[in-house]
Amino acid sequence: MKTLIAAYSGVLRGTGSSILSALQDLFSITWLNRSKVEKQLQVISVLQWVLSFLVMGVACSVILMYTFCTDWWLITVLYFTWLVFDWNTPNKGGRRSQWVRNWAVWRYFRDYFPIQLVKTHNLITTRNYIFGYHPHGIMGLGAFCNFSTEATEVSKKFPGIKPYLATLAGNFRMPVLREYLMSGGICPVNRDTIDYLLSKNGSGNAIIIVVGGAAESLSSMPGKNAVTLRNRKGFVKLALRHGADLVPTYSFGENEVYKQVIFEEGSWGRWVQKKFQKYIGFAPCIFHGRGLFSSDTWGLVPYSKPITTVVGEPITIPKLEQPTQKDIDLYHAMYMEALVKLFNNHKTKFGLPEAEVLEVN
């Protein structure tokens with residue numbers, strides 16, 4: 001009898017051990033699959049934004065025109081009728097949606113690189129601000145994630161401050177794309193919009209301007225820290241006219257996420273790029289990232305390199321309705337000095353050598 005009990009106990013112990021081992025293997029596989037699913041969701045979230053940035057406006061225009069030629073033509077007519085009445089909404093700050101800004105997709109977007117927002121100083125809500133964002137990179141991924149979504153908790157880090165990322169006005173002439181952009185708090189980078197937000201929209205507004213623009217994107221490449229700023233003074237003039245404080249902002253890693261074919265000055269490629277920049281407002285770049293399913297292939301998905309956006313100390317700006325060129329030059333020089341100081345104070349924290357110098361063009 002004792003022998004039977006011992007044998008039975010041994011079987012139970014053996015069975016329990018086998019079951020436990022199987023469960024551990026199952027949990028291990030589940031965790032592995034979850035990790036893969038998380039990574040794919042991150043890749044898809046980034047790709048959807050890249051495709052929206054590149055083709056959404058044109059694609060929606062084509063679809064609406066096609067719909068106009070079908071039995072569903074009324075949809076197109078109603079949309080364009082409404083668009084006529086809504087045309088100036090982007091110039092008044094648009095229609096930001098906290099629901100859209102808090103979409104889970106933006107958290108996957110953030111974690112793919114990852115992207116983080118670093119605050120160095122408090123911003124008071126009784127002032128308005130113009131953030132100078134540097135560098136542009138190919139698509140300004142850090143600017144979008146940090147200021148047009150809540151993925152990095154910009155509203156919690158700067159309570160009472162409402163960020164408006166400024167981009168090309170032409171984007172707001174594209175059907176459906178304009179609604180998508182406005183929902184994130186994105187606005188046109190033109191004088192009418194900036195004047196409205198800094199003079200008729202109360203205080204606590206922060207307009208983020210990617211100062212280098214298309215010209216800066218043409219020199220974007222991994223390993224290069226350069227900004228186009230020396231002759232960009234329009235944002236300083238706007239700040240003086242409205243008494244809006246200037247805030248230097250630098251994104252470490254923005255240039256690392258795409259590789260670009262750089263055309264030499266005087267080449268046909270650079271000539272074409274500059275013509276597009278002059279007449280259309282953007283410069284077509286020939287670039288690539290990784291593929292959708294593999295980092296070893298080429299594609300539109302950016303490389304998963306960390307992007308860290310550091311928001312510097314605000315520069316107090318007086319309100320001068322008619323600033324002189326001397327005033328503009330003075331505060332522009334102060335801004336350049338503050339940006340270089342911000343870069344130097346943080347470069348070693350984010351993987352750059354002490355000897356790295358910010359190139360200001």
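Analyst: Among the elements that cover the buried residues of α10 are β2 (129-134), α8 (191-199), β5 (205-210), β7 (245-252) and α12 (325-346). This is a predicted model, in which local features need pLDDT of at least 70, side-chain atom pairs count only at pLDDT 80 or more, and totals for chains, interfaces and linings use all residues. Residues are numbered from 1 along each chain as its sequence is written, and side-chain values use heavy atoms, with hydrogens and water left out.

User: How many of the nine residues of helix α10 are buried?

Analyst: Buried means under 20% relative accessible area, with exposed over 50% and partly exposed in between (1.4 Å probe, protein chains only); helices (H or I, at least four residues) and strands (E, at least two) are DSSP runs, numbered from the N terminus. The buried residues in α10 are Phe-235, Val-236, Leu-238, Ala-239, Leu-240, Arg-241 and His-242. Helix α10 (residues 234-242) is therefore largely enclosed by the rest of the structure, the number of its residues that are buried being seven.

User: Is Thr-308 buried or exposed?

Analyst: Thr-308 belongs to strand β11 (residues 307-311). Because its relative accessibility is 4%, Thr-308 counts as buried.

User: With which side chain does the side chain of Thr-308 make a polar contact?

Analyst: Leaving aside neighbours within four places in sequence, Thr-308 is in contact (heavy atoms within 4.5 Å) with Gln-116, Val-118, Tyr-250, Ser-251, Phe-252 and Phe-350. A polar contact is a pair of N or O atoms within 3.5 Å; within protein, one must be able to donate a hydrogen and the other to accept it, and residues adjacent in sequence count only if both atoms are side-chain atoms. At 3.4 Å, the side chain that makes this polar contact with Thr-308 is that of Gln-116.

User: What percentage of the residues of the chain count as buried?

Analyst: The chain holds twelve helices and twelve strands, and its C-alpha atoms fill a box of roughly 105 × 65 × 50 Å along the principal axes. Among contacts between residues at least 6 apart in sequence, 78% join residues at least 24 apart. Of the 361 residues, the share that count as buried is 44%.
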